[in-house]
Amino acid sequence: MNGQRLLILNGSPRRQGTSYSFARTIKKLAEDAGNQAEIRHVIDYFDGQKSLNDLKYHIAESDIIALVAPLYADTLPYPDIWCLEKLAAEYSSELSGKMFFAVGQCGFPDITRLEPMIDACRFFAEETGMIWRGGLAYGGGAIINGALLENLGKKGKKITSAFKLALGDVIQGKMISARAQDLLTVRIPRILYRPLAAYLNHKIKKDALKHGITDVSRKVYLE
């Protein structure tokens, strides 16, 4: 079934980060299949740059809504929680009956960390009368760091294939298949988890110092 209208919410405070890169690819895949798609940044509504009435309009015009977001402290970033709570409280009638799916991404390849976030999105769908179509989890977003998928070679093609499969399922009114998650899952030997955590901590510390943050004692990927 073609001609669906897709609203993609970029749940990252970063407008050009990995979540945006994923959202951009999903938008292109939807349009290539004959659908309409647009991306809205949740941070614009949280910061007051856009009113929630603007988002209400785009929700009313959509058949399918997707949230693409990074994992912050084992759950959604606070602007996303704020936005979903506002939508549930004020716009549940506009949301009811629309299809909803979520894509979560975190820095570490252990995607079980994303389960609470995906569950929160499923709960939001159930509470607002939306039709839950499932969630996808990607571990490794910090390494991609906002790069466009078409510039990532085989890795980018595999992620794109997973999104294409999932999007096809949703557009056809089905739950996202397990095959899509299988394509998206990064598998590395568990013996490499600790060295990878050390590398990611080093990267976070380097980025923090670059932005003037001096308290860099935490090792979040080893805690």
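Mentor: The second largest cavity has a volume of about 30 Å³. A cavity here is a set of points on a 1 Å grid over the protein atoms alone, where a 1.4 Å probe fits but cannot get out. Grid points are joined across faces, edges and corners, and the volume is the space filled by probe spheres set on the points. This is a predicted model: local features need pLDDT of at least 70, side-chain atom pairs count only at pLDDT 80 or more, and totals for chains, interfaces and linings use all residues. Residues are numbered from 1 along each chain as its sequence is written, and side-chain values use heavy atoms, with hydrogens and water left out.

Lining residues have an atom within 4 Å of a point. For this cavity they are I26, F101, V103, L136, F163, A166 and L167. Helices (H or I, at least four residues) and strands (E, at least two) are DSSP runs, numbered from the N terminus. α8 gives the most, with three residues. By class, the lining has seven nonpolar, no polar and no charged residues. Nonpolar covers Ala, Val, Leu, Ile, Met, Phe, Trp, Tyr, Cys and Pro; charged covers Asp, Glu, Lys and Arg; the others, Gly among them, are polar.

For context, the structure holds two cavities of 30 Å³ or more.

Conventions. 1 Å grid on protein atoms, 1.4 Å probe; cavity = no way out; pocket = protein on both sides within 12 Å on 5 of 7 lines; lining within 4 Å.
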